[in-house]
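This briefing goes through a single protein model by topic. Please look over the sequence and the structure first.

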Amino acid sequence: MHIAVPHRTDRETAKQRVKQRLDQLLAQYGHYLSDHDSRWEGDTLYFNGSARGFKASGSVAVTDTEVIVDGKLPLIAKPFEPRIKNTIEKEASAMFG
């Protein structure tokens, strides 16, 4: 799954917004996750984790103009990919719109 959303701000501000929103989401939904891990390498966040036994992994790269989400969903979640993608796009648009 690949999603690119323009951010219309500078790279550092976009990165801070991503960090803040992820912290909020983990505080709200973190109890559904197990074995989750995330780490920043420069302007890219790498993450992985499990929810209800299903594993997912990916990255969030912040460039000068976009936030790019690349993720791997488990095969069983493939039917929900359009819905998941739509939700991520809406969330990113709200953050940067």
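**Salt bridges and the model behind them**

Asp43 counts as partly exposed at 22% relative accessibility, where buried means under 20% relative accessible area, exposed over 50% and partly exposed in between, with a 1.4 Å probe and protein chains only. The model is a predicted one, in which local features need pLDDT of at least 70 and side-chain atom pairs count only at pLDDT 80 or more, while totals for chains, interfaces and linings use all residues. Residues are numbered from 1 along each chain as its sequence is written, and side-chain values use heavy atoms, with hydrogens and water left out.

- A search of the whole structure finds six salt bridges, a salt bridge being a side-chain nitrogen of Lys or Arg within 4 Å of a carboxyl oxygen of Asp or Glu.
- Asp43 forms one of them with Lys15, and the closest N and O atoms are 3.5 Å apart.
- This pair links distant parts of the chain, 28 residues apart: Asp43 is in the loop between strand 2 (33–41) and strand 3 (44–51), and Lys15 is in helix 1 (residues 11–29). Helices (H or I, at least four residues) and strands (E, at least two) are DSSP runs, numbered from the N terminus.
- Lys15 is buried, at a relative accessible area of 10%.
- Arg11, Lys15, Asp43 and Asp64 are linked in a network of salt bridges.
- In the salt bridge between Arg21 and Glu91, the closest N and O atoms are 2.2 Å apart.
- Arg21 lies in helix 1 and Glu91 in helix 2 (residues 81–96), so this pair ties together parts that are 70 residues apart in sequence.
- Glu91 is partly exposed, with a relative accessible area of 28%.
- Lys78 and Glu81 form a salt bridge whose closest N and O atoms are 3.4 Å apart; Lys78 counts as partly exposed at 39% relative accessibility.

- Strand 1 (residues 2–6) pairs with strand 5 (residues 66–72) in the antiparallel sense over five bridges; two strands pair if DSSP finds at least two bridges between them.
- Within this pairing, Ala4 has Ile68 in strand 5 as its bridge partner.
- Strand 5 also runs antiparallel to strand 4 (residues 54–62), and six bridges join the two.
- Strand 4 and strand 5 form a hairpin, with three residues between them.
- Gly71 lies in strand 5, and Gly58 stands opposite Gly71.
- Gly71 is buried, with a relative accessible area of 18%.
- Leaving aside neighbours within four places in sequence, Gly71 is in contact (heavy atoms within 4.5 Å) with Met1, Ser57 and Gly58.
- The C-alpha atoms of Gly71 and Phe47 are separated by 9.0 Å, and the two residues are 24 residues apart along the chain.

**The loop between strand 1 and helix 1**

- His7 lies in this loop and is buried, with a relative accessible area of 1%.
- The side chain of His7 reaches the backbone oxygen of Thr63 at 2.7 Å.
- A polar atom of the His7 side chain also lies 3.3 Å from the backbone oxygen of Asp64.
- Not counting residues up to four places away in sequence, His7 touches Ala14, Val62, Thr63, Asp64, Thr65, Glu66, Val67 and Phe96.
- Arg8 is found in the loop between strand 1 and helix 1 as well, and Arg8 is exposed, with a relative accessible area of 67%.

**Positive phi values**

- Most residues other than glycine have a negative phi.
- Arg8 has a positive phi, near 50°, and is a residue other than glycine.
- Arg52 is not a glycine either, and its phi is positive at about 55°.
- Arg52 sits in the loop between strand 3 and strand 4 and counts as exposed at 68% relative accessibility.

**The largest pocket**

- About 1,700 Å³ of space lies in the largest pocket. On a 1 Å grid over the protein atoms alone, a pocket is an open set of points where a 1.4 Å probe fits, with protein on both sides within 12 Å along at least five of seven lines; lining residues have an atom within 4 Å of a point. Grid points are joined across faces, edges and corners, and the volume is the space filled by probe spheres set on the points.
- Of the 45 residues that line the largest pocket, Leu25, Leu33, Phe47, Ile84 and Ile88 are the closest to its centre.
- Helix 1, strand 2, strand 3, strand 4, strand 5 and helix 2 each supply at least two residues of the lining.

Technical notes: A polar contact is a pair of N or O atoms within 3.5 Å; within protein, one must be able to donate a hydrogen and the other to accept it, and residues adjacent in sequence count only if both atoms are side-chain atoms.
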